[in-house]
Amino acid sequence: MKTDFNIHNLIRENIKSLKPYSSARDEYKDTTSTEMIFLDANENPFENGVNRYPDPQQNNVKDLLSTIKRIPRENILLGNGSDEILDLIFRAFCEPNQDNIITLPPTYGMYGVLANVNAVENRKVLLNENFQPKVNQILETADENSKILFLCSPNNPTGNSFYIDDVEELLINFNGLVVVDEAYIDFSEQRSWLTKLNDYPNLIITQTFSKAYGLAGIRLGVCYASKEIITILNNIKPPYNVNELTQQRAILRLQKLDEVQNEIAQLISERKRLKKELECCVSYIEKVYHSDGNFLLLKVDDATKRYHQLIEYGVVIRNRTTQPLCENCLRISVGICEENQKLIRALKAIQ
Ligand SMILES: *Cc1c(COP(=O)(O)O)cnc(C)c1O
C-alpha cells in the first residue's frame with residue numbers, strides 16, 4: 001500500500017489546465033444509427049467501411065479488455081503501440097531539461113530514446129549480475145525531479161522477471177511514477193501487477209498486442225493506471241490515435257482468446273525445448289539464461305562472429321553484445337517448431 005501520494009505534484013504545469021480536444025465523434029458516437037445522419041465531421045459520406053473517423057475512446061475494445069482483465073474502463077488507455085503510451089507519459093510528467101527518469105540497463109531501448117527525444121535526463125542504474133534491480137542504489141539515485149522509474153518485467157533482453165518484493169519496495173519508496181512494462185507477461189509464470197493497481201497510486205502498467213496477441217502490425221498498446229493518471233493521458237493524446245482497422249482486428253482477437261492461449265502454450269513449450277537443446281548440444285554456447293518471455297538470451301564465445309555466421313545460414317537473430325552485462329550475448333525469438341529446428345541445425349553446423 002502507498003498512501004500520501006498526490007499525482008498533481010508530478011504533472012507538468014502546462015498539462016494541468018488542459019482539457020481534451022473535443023472531436024466531432026466525441027459528441028455523437030454511434031454512426032451506425034439509422035435515425036441520425038452525420039454531417040458533423042467533414043467525412044466522405046460514401047460508405048466503404050472506413051470512411052468515418054474511428055471511436056476516439058475505443059469503447060468496444062476497452063469493454064472487452066475490461067471484462068477479460070477485470071479492470072474498469074476508466075483505468076484503461078489505448079495507444080498506437082506501447083511506444084505511444086510511453087511517450088504520452090513522458091510528455092505529461094517530465095519537464096524538458098529539468099526532470100529525469102531512471103532506467104535499469106540492459107533493458108528495452110525505447111525508454112532511453114524517448115528520454116532523448118523529450119530532452120529528459122536518463123539516469124541509468126545497471127541491473128545486478130542476476131539481472132535484478134539494485135533497489136537501494138535506485139532509491140539513492142532518485143531526487144525530487146525523478147518522475148518515472150521504468151521496470152521492464154519480464155525484462156527485454158534478459159528474459160527474467162523482477163522479484164515481487166523488490167518491485168513492491170520500489171513502488172512504496174520511489175516518489176515518482178513506476179511504469180511496469182509487461183510486454184511479455186503472458187509468457188511468464190509470475191502474475192501481472194494489474195491486481196495491485198488500487199494499492200499503488202503511482203503504478204502504471206503497460207501491455208501490448210504486439211507479442212503474445214500476435215498483432216505487432218496493428219500497433220496497439222494498453223496502459224492501466226489510476227483514473228487520475230488515465231484522465232491526464234487522455235487529455236493529451238491525439239483524438240484518433242487508434243485507427244478503425246486496428247480496433248476491428250483487436251476485437252476479433254479478443255473474441256478468440258482460446259487461439260491466443262493456444263499459441264502462448266506452444267511458444268512456452270518451444271522455448272523450453274529450445275533451451276534444453278541449446279544447453280546440451282551446442283559447444284560454444286556458455287549459458288542459456290532463464291526466460292519468462294518468448295525469446296532466449298544466450299552467452300556464446302563470440303557473439304558477433306556467431307551472429308554473422310547465422311545470417312549466412314539464413315537465420316536472423318539479435319546481437320546484444322554491446323549492451324551492458326550482455327557481453328557476447330545473443331537474443332533469439334522463439335519461432336514455430338520448424339523455424340526452431342532450422343535454427344538448431346544452423347547453430348550446430350557452425351560449431
Ligand atoms: C516489444 C516490446 C514492447 C512492445 O511495444 P509496442 O510499441 O506495443 O509494439 C514494449 N515493451 C517491451 C519491453 C518490448 O520488448
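This is a predicted model: local features need pLDDT of at least 70, side-chain atom pairs count only at pLDDT 80 or more; totals for chains, interfaces and linings use all residues.
**Exercise 1. Ligand contacts**

How far from an oxygen atom of the ligand does a polar side-chain atom of Ser-82 lie?

*Solution.* 

Step 1. Take the side chain of Ser-82: one of its polar atoms lies 2.7 Å from a ligand oxygen atom. A polar contact requires N or O atoms within 3.5 Å, so the pair qualifies.

Step 2. Look for further pairs. A polar backbone atom of Asp-83 is 3.2 Å from an oxygen atom of the ligand. In the side chain of Thr-208, an N or O atom is 2.6 Å from a ligand oxygen.

Step 3. Turn to burial. The ligand taken alone exposes 390 Å², and the protein buries 94% of that.

Step 4. List the surroundings. The ligand is surrounded by 13 residues, the closest being Tyr-184, Thr-208, Ser-210, Lys-211 and Arg-219.

**Exercise 2. The domain interface**

Describe the interface between domain 1 and domain 2 by its extent and its residues.

*Solution.* 

Step 1. The domain assignment gives 7-255 as domain 1 and 258-349 as domain 2. Their centres, taken over C-alpha atoms, are 29 Å apart.

Step 2. Give the area. About 1800 Å² is buried between the two domains, with carbon and sulfur atoms giving 62% of it. On the domain 1 side, Pro-157, Phe-187 and Arg-253 lose the most area to domain 2, together 34% of what that side buries.

**Exercise 3. Polar and charged pairs**

Which residue forms a salt bridge with Arg-253?

*Solution.* 

Step 1. The partner of Arg-253 is Glu-263, with the closest N and O atoms 2.9 Å apart.

Step 2. Compare with the cut-off. A salt bridge needs such atoms within 4 Å, so the pair meets the rule.

Step 3. Across the interface, the rule finds two salt bridges, and six residue pairs are in polar contact.

Step 4. Sort by class. The side of domain 1 that touches domain 2 has eleven nonpolar, nine polar and three charged residues.

Technical notes. Residues are numbered from 1 along each chain as its sequence is written. Side-chain values use heavy atoms; hydrogens and water are left out. Domain bounds come from an automatic or database domain assignment. Contact means heavy atoms within 4.5 Å. Buried area is the accessible area (1.4 Å probe) that two parts lose on being put together, summed over both. A salt bridge is a side-chain nitrogen of Lys or Arg within 4 Å of a carboxyl oxygen of Asp or Glu. A polar contact is a pair of N or O atoms within 3.5 Å; within protein, one must be able to donate a hydrogen and the other to accept it, and residues adjacent in sequence count only if both atoms are side-chain atoms. Ala, Val, Leu, Ile, Met, Phe, Trp, Tyr, Cys and Pro count as nonpolar, Asp, Glu, Lys and Arg as charged, and the others, Gly among them, as polar. A residue is near a molecule or strand if one of its heavy atoms lies within 4 Å of it. Accessible areas come from the Shrake-Rupley method with a 1.4 Å probe; for residues, only the protein chains shown count as cover.
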